[in-house]
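Here is a short briefing on one protein structure. Look at the fold as you read the points below.

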Amino acid sequence: MLIACNWKMFCTPSQELKWVEQNKQILTKLAQNHTLILFPSFLSLQPLATLLKGTPILLGAQDCSEHEYGPFTGQTSAQALAELGCSYVVVGHLERRQLGETQEQIARKAAQATKAGLKPIVCVETLDQVIPHTITAYEPSSAIGTGITPSPTEIAATLNKLPADSLRLYGGSVSSKNAAEIGSIPSLGGLLIGKASLDIQELGKIVESLPK
Ligand code: PGA
């Protein structure tokens, strides 16, 4: 399965680096049977790329620009992320849609990511937000950071409506308490884990409860 660890803005770069240094062996083990991707802050991508060289642990970014390059102050291009060693990028996360990001912008971000050789993970809450031929993460707003998840039956019903030609992920309050149940949904291709992914014991329990 694909395990995407979204670290949001919980840590500073020194904290992220220390966490990876301390947990590299465990993470390497977890990455043996699953595709494990860390999504740290932008500022940690370069040092983490160096630290993770030679391991199966992959890196991704939490967002990218909708533009290829140019006068876009403060933005980060998909090409730049690819150059740093990222292989995935999350686009359209609810926490960004809430800032006013539109579906058109998200589609352009996904296209830039693909053009740069990155795999976009598009977060959606409703079916009209799906972008064909990308990995889709179903993340209901009621579940993000709340500790409340839909039932596995409800999650399965939504995943079954998503295009089956690429991976279908679930995200929102995934924890060691619900991972085995959610992990047993046949159409599930992986998980997008926020807060719990920064707790190495929690992350270990989640990953170990999933089918290989
Ligand atoms: P959560 O976040 O696991 O902390 O609920 C998930 C997400 O926002 O991707």
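**Core and barrel**

Leaving aside neighbours within four places in sequence, Leu203 is in contact (heavy atoms within 4.5 Å) with Ile3, Cys5, Trp19, Leu27, Leu30, Ile193, Ala196 and Ser197. This is a predicted model, in which local features need pLDDT of at least 70 and side-chain atom pairs count only at pLDDT 80 or more, while totals for chains, interfaces and linings use all residues. Residues are numbered from 1 along each chain as its sequence is written, and side-chain values use heavy atoms, with hydrogens and water left out.

Nonpolar cores
- A nonpolar core is a set of buried Ala, Val, Leu, Ile, Met, Phe, Trp, Tyr and Cys residues joined through side-chain atoms within 4.5 Å.
- Buried means under 20% relative accessible area, exposed over 50%, and partly exposed in between (1.4 Å probe, protein chains only).
- The largest core has 55 residues, and Ile3, Leu38, Tyr170, Leu191 and Leu203 touch the most other members.
- Apart from that core lies another, of twelve residues, including Phe39, Ala137, Leu169 and Leu192.

The barrel
- Eight strands form a closed barrel with parallel pairing, in the order S1-S2-S3-S4-S5-S6-S7-S8.
- Strands (E, at least two residues) and helices (H or I, at least four) are DSSP runs, numbered from the N terminus.
- Two strands pair if DSSP finds at least two bridges between them.

Strand S4
- Strand S4 covers residues 88-91, and both its faces are covered: Tyr88 and Val90 on one side, and Val89 and Val91 on the other, are all buried.
- In a regular strand the side chains alternate between the two faces of the sheet.
- S4 pairs in the parallel sense with S3 (residues 58-61) over two bridges, and Gly60 stands opposite Tyr88.
- S4 also pairs in the parallel sense with S5 (residues 119-124), over four bridges, and Val89 stands opposite Pro120.

Helix H6
- In helix H6 (residues 152-159), the buried residues are Ile155, Ala156, Thr158 and Leu159.
- Seen down the axis of H6, these residues fall within an arc of 165° (taken from the directions from the helix axis to the C-beta atoms), so they line one face of the helix.
- Strand S6 (135-138), strand S7 (168-171) and helix H7 (179-183) are among the elements that cover them.
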